[in-house]
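Let us learn to read a structure by asking about its features, one at a time.

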Amino acid sequence: MGILGLSKLIADLVPTAIKENEIKNYFGRKVAIDASMCLYQFLIAVRSDGVQLTTVDGETTSHLMGIFYRTIRLLDNGIKPVYVFDGKPPNLKGGELQKRAERREEAQKQLHKATEAGDQEAMDKFNRRLVKVTKEHTEEAKQLLKLMGVPYIEAPCEAEAQCAAMVKSGKVFATATEDMDALTFGSSILLRHLTSSEAKKMPVQEINYDRMLHGLEFSVDQFIDLCILLGCDYCESIRGVGPKRAIELITQYKSIETILEKIDKKKYTVPEDWNFNQARQLFKEPEVQDPQSIEIKWTDPDEDGIVAFLCGHRQFNEERIRSGIQKIKKSKSMATQGRLDSFFKVLPTTFATKRKAEEPKKKDTAKKAKKTFGKKK
């Protein structure tokens with residue numbers, strides 16, 4: 001689920017924290033990719049006539065086609081991807097997982113009704129809602145990545161948290177995911193739409209964490225509390241508090257504890273035994289592998305291994321697969337060029353110092369935006 005409404009909120013209140021780029025502008029960058037999110041996207045998006053790609057035996061292959069060709073696109077543009085897979089979910093996520101199971105059960109009932117009625121549009125909609133990344137999908141993706149020479153990491157817990165830790169440590173440049181909670185975990189740079197289909201021609205959306213905090217005039221703790229109020233995977237939110245009200249409450253009271261003291265509990269329903277503090281600690285101190293202990297290495301692809309894996313009973317076209325492998329090999333020679341900025345030492349400069357001259361104007365703009373957020377123009 002990520003954080004409800006956070007992307008729109010940032011776009012409305014701090015548009016300067018977001019910029020759009022062409023994928024080629026990330027040449028030479030190492031990027032940590034949320035693997036589970038990618039697999040889910042591929043299972044939904046990579047289809048033929050609205051149906052997932054499968055072998056004649058009914059074995060799903062959409063996720064493998066997505067991993068193979070979308071990864072080649074990244075490599076072809078000089079990007080060095082490292083996929084990060086989820087580990088065990090935190091205990092706090094149990095409630096959200098139960099809700100997802102209930103939604104799938106309801107979708108299954110609706111699919112049955114749509115099938116009986118012959119409503120193709122509704123059938124497609126509910127089929128998409130039933131998509132789930134299985135352990136088998138994950139293991140097959142890891143096997144293919146290994147054959148392609150692309151590194152992957154198994155996070156001890158949440159993939160987004162591991163990606164964020166790697167970005168903060170300087171191990172990689174950015175986190176690539178559609179889930180906004182990568183920002184709540186503190187990823188300095190978040191890239192959205194990086195693994196989207198080339199046919200969609202969607203620009204990569206880059207969100208800068210420091211610019212976002214600066215524009216909101218929030219501390220790290222205040223931003224985490226805002227995300228909890230908006231709605232996250234680890235606890236319920238206060239009923240009746242939407243994005244506009246959440247911003248107002250954090251701006252006025254600074255923390256959830258103070259909000260709970262001041263809020264009108266007859267107007268806003270606070271969950272019983274609300275475990276917001278545990279959720280807050282999970283965002284601040286998630287279970288991750290020490291980034292400095294992680295070795296990331298891109299190797300030569302195993303051409304014969306890839307062909308055997310994809311073109312056997314999975315029935316991929318061998319000519320196209322070998323053509324893709326040649327692109328992987330070509331990208332290996334490109335990787336030695338590097339980025340121009342890697343040849344220079346950049347002196348540390350805080351964002352606040354860089355923008356000091358614009359501070360008064362920036363504050364006025366941010367305050368005005370907060371007052372007008374949600375109003376019709």
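**A covered helix**

A: Helix α7 (residues 159-168) is mostly covered, with 9 of its 10 residues buried. Buried means under 20% relative accessible area, exposed over 50%, and partly exposed in between (1.4 Å probe, protein chains only). Helices (H or I, at least four residues) and strands (E, at least two) are DSSP runs, numbered from the N terminus. This is a predicted model, in which local features need pLDDT of at least 70, side-chain atom pairs count only at pLDDT 80 or more, and totals for chains, interfaces and linings use all residues. Residues are numbered from 1 along each chain as its sequence is written, and side-chain values use heavy atoms, with hydrogens and water left out.

Q: Which residues in α7 are buried?

A: An α-helix has 3.6 residues a turn, so residues three or four places apart point the same way. In α7, the buried residues are Ala159, Glu160, Ala161, Gln162, Cys163, Ala164, Ala165, Met166 and Val167.

Q: What covers the buried residues of α7?

A: Contact means heavy atoms within 4.5 Å. The cover of α7 includes β2, β5, β6, β7, α8 (181-184) and β8 (189-192). After α7 comes Gly170, with a positive phi near 85 degrees.

Q: Which strands does β2 pair with?

A: Start with the rule: two strands pair if DSSP finds at least two bridges between them. In a regular strand the side chains alternate between the two faces of the sheet. Here β2 runs parallel to strand β5 (residues 80-85), joined by 5 bridges. Val31 faces Pro81 of β5 as its opposite residue. With strand β7 (residues 174-176), β2 also pairs in the parallel sense, over 3 bridges. There, Ala32 stands opposite Thr175.

Q: Where does Glu140 lie, and is Glu140 buried or exposed?

A: Glu140 lies in helix α6 (residues 135-148). Its relative accessibility is 7%, so Glu140 counts as buried. Leaving aside neighbours within four places in sequence, Glu140 is in contact with Glu59, Thr60, His63, Leu64, Phe309 and Arg314.

Q: How many salt bridges are there?

A: Side chains of opposite charge can pair when their charged atoms come close. The cut-off for a salt bridge is a side-chain nitrogen of Lys or Arg within 4 Å of a carboxyl oxygen of Asp or Glu. By this rule the count is 16.

Q: What does the salt bridge between Glu287 and Lys88 tie together?

A: The two side chains, of Glu287 and Lys88, meet at 2.9 Å, N to O. Glu287 is in the loop between α13 (276-284) and α14 (303-311), and Lys88 is in the loop between β5 and α4 (94-117), so the pair ties together parts 199 residues apart in sequence. Glu287 is partly exposed at 42%. Lys88 is partly exposed at 47%.

Q: Which parts does the pair Glu154 and Lys142 tie together?

A: Their salt bridge is 2.8 Å, N to O. Glu154 lies in strand β6 (residues 152-154) and Lys142 in helix α6, so the parts tied together are 12 residues apart in sequence. Glu154 is partly exposed at 47%, whereas Lys142 is buried at 7%.

Q: Which residues are linked in a network of salt bridges?

A: Glu303, Glu318, Arg322 and Lys329 are linked in this way.
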